[in-house]
Structure formats: structure tokens, C-alpha cells
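Keep the structure open as you read.

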Amino acid sequence: MAVTCNVSGLAQDMSETMPGMSGMGHTHQGQSLTNIFEQHTTSGTDVEPISTPSAMLMRGYGSWTFMFHGEAFLNELQQTGPRGADKFFSTNWFMPMAQRKTGKGLLTLRSMLSLEPATVSERRYPELFQQGETAYGKAIVDGQHPHDLFMELAAMFDYNISEHAAISFYAAPVGDPAMGPPAYPHRASASEDPAAPLGHHLEDSTHIANDVVTAGLTYRNFRVEASGFHGREPDEYRWNIDSGSIDSWSARATVNPAPNWSFQYSIAQLHSPEALNSAQDIRRMTASLIYNLPIHDGNWASMALWGRNVSLQNGNVGNAYLVESTIRFRDRNNAWLRIENADRTTELLSNAGSLPADAYFARVQAYTAGYDREFGHIPHVSTAIGGQVTWYGVPSALRNAYDPHPVGALVFVRLRAH
């Protein structure tokens with residue numbers, strides 16, 4: 001069933017019109033950022049263009065509305081070269097959520113869970129040139145860590161000051177502070193790509209942080225917000241909830257000038273984010289522009305993203321640039337591209353020589369193209385089979401350690417609540 005939601009009457013409308021579970025693929029044309037923000041269909045307090053469709057299951061019970069998002073990819077990956085690897089694994093996340101009106105306010109309770117601690121063995125899956133976090137006490141190199149079991153446990157309260165303005169409060173022992181665009185598992189432009197971007201730890205890795213508090217103001221199509229949180233990234237023990245003092249901060253400004261557009265700029269200071277380099281604090285900046293275009297029997301979502309890390313100890317600077325686009329056409333077909341240009345550190349070298357440890361010293365390009373097609377008619381579940389190929393531009397400083405032209409190929413089956 002296609003539905004256009006107005007959050008101001010969401011709980012009442014759903015309890016009256018949806019006595020059973022319903023699939024939902026809705027867009028929000030004609031509504032303001034104030035209305036759409038309160039639907040909280042992405043992680044944390046992130047925002048996409050108003051026209052972006054959102055797949056979910058919904059059911060109303062009295063004054064409460066319950067929603068469920070989720071997806072799982074079953075992946076087989078093979079890579080070439082001396083540092084390539086093969087692996088069968090699953091990437092996945094599940095988001096149950098509940099909302100109810102309280103006077104002029106809206107209360108949202110949300111959790112996000114992942115079974116990746118069980119479905120990604122050896123605490124990582126292969127990804128050439130990828131860096132970030134640890135496994136078995138060592139820095140992860142050429143691999144991507146799994147997500148924690150608890151990706152988000154959050155409560156949000158939005159209060160309407162007027163027809164066009166609202167203030168919001170967000171609190172989460174595990175959550176997503178006001179930093180960067182929607183993280184790669186949750187944005188439409190990357191919806192069919194199961195792999196993390198190479199620039200993840202320069203762009204959107206704070207989407208799982210601990211002890212997060214956020215306050216924000218939304219007026220018409222403009223939003224400003226600020227967060228405090230614990231800056232250390234999750235440790236390698238993925239089944240528990242980490243915690244720590246609020247020692248880091250972020251601020252973000254977002255504007256949706258038209259239904260198909262969203263722009264954000266954000267800045268953060270992260271205290272000791274990496275366990276193996278605990279003396280280093282990071283200043284992170286990101287800017288992104290998202291464009292979404294509904295088309296006949298489909299949708300086209302694209303994003304350009306820049307992220308930068310600056311060490312506050314030695315001034316070392318790393319940048320990452322990303323352009324990605326996913327088009328859904330003829331109802332059951334998806335095709336996507338991702339192009340990256342990301343600085344890499346000396347962790348990729350077995351012998352860094354005179355170079356400082358953890359110094360950005362080379363830039364790698366990654367190019368990904370993929371396609372999948374949905375099949376079957378399982379109620380409330382979208383199933384697809386597809387694959388993607390990634391090839392790389394390798395700088396001269398890394399050619400002795402890697403194949404000059406490495407390639408990775410991934411095939412998958414995807415299931416998504418719908």
C-alpha cells in the first residue's frame with residue numbers, strides 16, 4: 001500500500017486505518033523538513049531529501065504506532081592480488097521503532113540491532129585498502145569491522161513551537177550524533193551496496209557512538225543541532241554496550257531547499273577515537289549534497305560527500321571524496337555506482353620506514369558498479385539477487401604491496417522489510 005504520511009497525525013491516522021501490518025513505500029512530497037524530520041526514518045537525527053522513499057512495516061495500537069525497517073545481505077566476496085581474500089558473510093541491520101503523540105510533541109523510541117558479530121566471522125570481512133578499528137588487538141587493514149549488536153538505543157522528543165518550527169531532543173546510550181550525512185547502511189544512494197566506503201572513518205563512522213545527547217532546532221527547511229558524546233569508537237567486542245564520559249562534541253547545519261535536495265555541513269572534535277592511538281584527538285569535518293529524483297516505477301538517489309580528519313596532535317590531514325548513485329527502474333531493477341578518492345595511512349605498509357605511524361601518505365581510488373533484480377512475492381519482504389565489481393587505482397607507494405590492478409567481485413542475496 002502506498003501512503004503519504006503527515007507526522008502531526010501519524011499515530012492517530014495509523015491506528016484508525018491500519019488494523020493489521022502493512023508494507024509501506026512512501027514519499028513525502030509537499031511536506032516541510034519540520035514534518036519529515038519527525039518521522040525519524042534514518043539513524044540518529046539524520047536527514048535525506050523530502051522526496052526520498054522509505055520502506056517500512058507499520059502497525060497502530062491505540063495511540064502508538066509501531067514501525068520496522070531492516071535488511072540482510074548474504075554475500076560471497078572474492079578479491080585478486082597478494083592481499084586479496086575470499087569470504088562468505090552477511091551484513092545486516094534491523095530497526096524496530098515506536099511513536100506516539102503527546103500534546104504538541106512526538107515521542108519516538110527506537111532501537112537498531114545487527115547480527116554481524118555472528119554473521120561476520122573473525123571480526124572483519126575483506127575489503128582492500130580499508131582501515132579502521134581493531135581485531136584481536138591489532139589494527140584492521142584490508143578489512144571492514146562488523147557492526148555492534150546494539151547499533152542504536154535511543155529516545156527522541158520533538159516539540160512543535162509553531163506550525164513551521166520544532167525543537168528536538170535525542171538521548172542514546174548507543175546512538176548517532178549530529179555528524180555527517182546518513183551513514184552508508186541507511187541512505188538511499190547506497191541502499192543496494194553491502195560494502196562500507198573506503199572513506200567511512202573520515203566521513204560517517206560516528207553513526208555508532210556511546211552516551212549521545214543531541215539538541216536541535218528545525219525551522220521550515222533549515223535545521224541546526226549539536227551533540228555531546230563519548231569519542232572512542234566501539235571496541236572489537238561487539239556483543240556488549242560500551243560507555244564512557246561525554247568528551248567529544250559535534251555540530252551540524254542542514255538545509256533542504258527543495259523536495260529533491262538536502263545539504264549538510266558538520267564539524268566534530270573526537271577525543272581518542274582509536275584504541276591503538278589513544279593519545280590522538282581528531283577534528284573531523286564533512287559536507288554532503290544529496291539529490292533524490294522520483295521516477296516512473298522507480299527512484300534515483302545520488303550523493304556527493306567530502307570528509308576530513310585533522311590530527312590535533314601533529315596536524316596530519318586526511319581527506320576522502322565520494323560520489324555514489326543508485327537508480328531503481330522498472331519497479332524491480334536496481335543499478336548503482338560508487339566512486340571514491342580516499343587518503344590512506346602508513347598502517348597499510350608492513351614497513352613504513354621513516355614515515356610516522358598512522359600518517360596519511362597516499363591516496364587510493366575505488367570504483368564500484370553493481371546491479372540486482374528483485375524476485376518472488378514474499379509478503380512484506382523484498383528479495384533480490386545481484387552483484388558488484390570494484391576495481392582500484394593504486395598509488396606508486398603501494399604497488400609493491402598490492403597487485404597494480406586489484407579487483408573485487410561480490411555476489412549477494414538481499415532481503416528487506418517492505
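## Before you start

Please bear in mind that this is a predicted model. Residue numbers start from 1 along the chain.

## The largest cavity

Rolling a probe the size of a water molecule over the atoms shows where empty space is left. In this model there are nine cavities of 30 Å³ or more. The largest cavity has a volume of about 410 Å³. Its lining is made up of 28 residues, and those nearest the centre are Glu274, Gln280, Asn309, Thr345 and Tyr360.

Which elements supply at least two residues each to the lining of the largest cavity? They are β6, α4 (200-203), β14 (282-295), β15 (298-311) and β17. Strand β6 gives the most, with four residues. Sorted by class, this lining has 11 polar, nine nonpolar and eight charged residues.

## The second largest cavity

The second largest cavity has a volume of about 200 Å³. A set of 21 residues lines the second largest cavity, and Glu127, Ala195, Gln388, Thr390 and Tyr392 are the closest to its centre. At least two lining residues come from each of β3, β6, β17, β18 (360-375), β19 (381-393) and β20.

For the second largest cavity, too, β6 gives the most to the lining, with four residues. The class count here is 12 nonpolar, five polar and four charged residues.

## A pocket and a buried glutamate

Turning to open space, the second largest pocket has a volume of about 190 Å³. It is lined by 16 residues, and Arg232, Glu233, Pro234, Asp235 and Ala275 lie nearest its centre.

Glu236 sits in the loop between β11 (222-230) and β12 (248-255). Is Glu236 buried or exposed? Its relative accessibility is 9%, so Glu236 counts as buried, the cut-off for buried being under 20%. The side chain of Glu236 makes a polar contact with the side chain of Thr134 at 3.2 Å. Beyond its neighbours within four places in sequence, Glu236 touches Arg123, Thr134, Ala135, Tyr136 and Gly137.

## Two residues with positive phi

Arg123, one of the contacts of Glu236, has a phi near 60 degrees, a positive value in a residue other than glycine. You will find Arg123 in the loop between α3 (116-119) and β6 (125-135). Because its relative accessibility is 26%, Arg123 counts as partly exposed.

Asp211 also has a positive phi for a residue other than glycine, near 55 degrees. Asp211 belongs to strand β10 (residues 209-219). With 22% relative accessibility, Asp211 counts as partly exposed.

## Aromatic pairs

A pair of aromatic rings is described by the distance of the centres and the angle of the planes. The structure holds nine aromatic pairs. Among them, Tyr61 and Phe66 form an edge-to-face pair, 5.8 Å centre to centre with 70 degrees between the planes. Tyr61 is partly exposed, with a relative accessible area of 46%, and Phe66 is partly exposed at 35%.

Why is the pair of Phe73 and Phe412 edge-to-face? Their ring centres are 5.2 Å apart and their planes lie at 75 degrees, so the pair is edge-to-face; the angle needed is over 60 degrees. This pair links distant parts of the chain, with Phe73 in strand β3 (residues 64-79) and Phe412 in strand β20 (residues 407-417), 339 residues apart. Phe73 is buried, with a relative accessible area of 2%, and Phe412 is buried with a relative accessible area of 2%. Elsewhere, ring pairs link Tyr61, Trp64 and Phe66 into a cluster.

## Arg338 and its surroundings

Arg338 lies in strand β17 (residues 333-345). Its relative accessibility is 4%, so Arg338 counts as buried. Which side chain makes a polar contact with the side chain of Arg338? The partner is Glu324, at 3.1 Å.

Setting aside neighbours within four places in sequence, the contacts of Arg338 include Tyr184, Ala190, Asp193, Leu322, Glu324 and Tyr367. Ala195 is also among the contacts of Arg338, and Ala195 is one of the residues closest to the centre of the second largest cavity.

Note on methods:
Predicted model: local features only at pLDDT ≥ 70, side-chain atom pairs only at ≥ 80, totals over all residues. Heavy atoms only, no water. Buried < 20%, exposed > 50% of the residue type's maximum accessible area, 1.4 Å probe, protein only. Contact = heavy atoms within 4.5 Å. Polar contact = N/O pair within 3.5 Å; in protein donor to acceptor, adjacent residues only side chain to side chain. Phe/Tyr/Trp six-rings, centres within 6.5 Å; stacked < 30°, edge-to-face > 60°. 1 Å grid on protein atoms, 1.4 Å probe; cavity = no way out; pocket = protein on both sides within 12 Å on 5 of 7 lines; lining within 4 Å. Points joined across faces, edges and corners; volume = space filled by probe spheres on them. Nonpolar A, V, L, I, M, F, W, Y, C, P; charged D, E, K, R; others polar.
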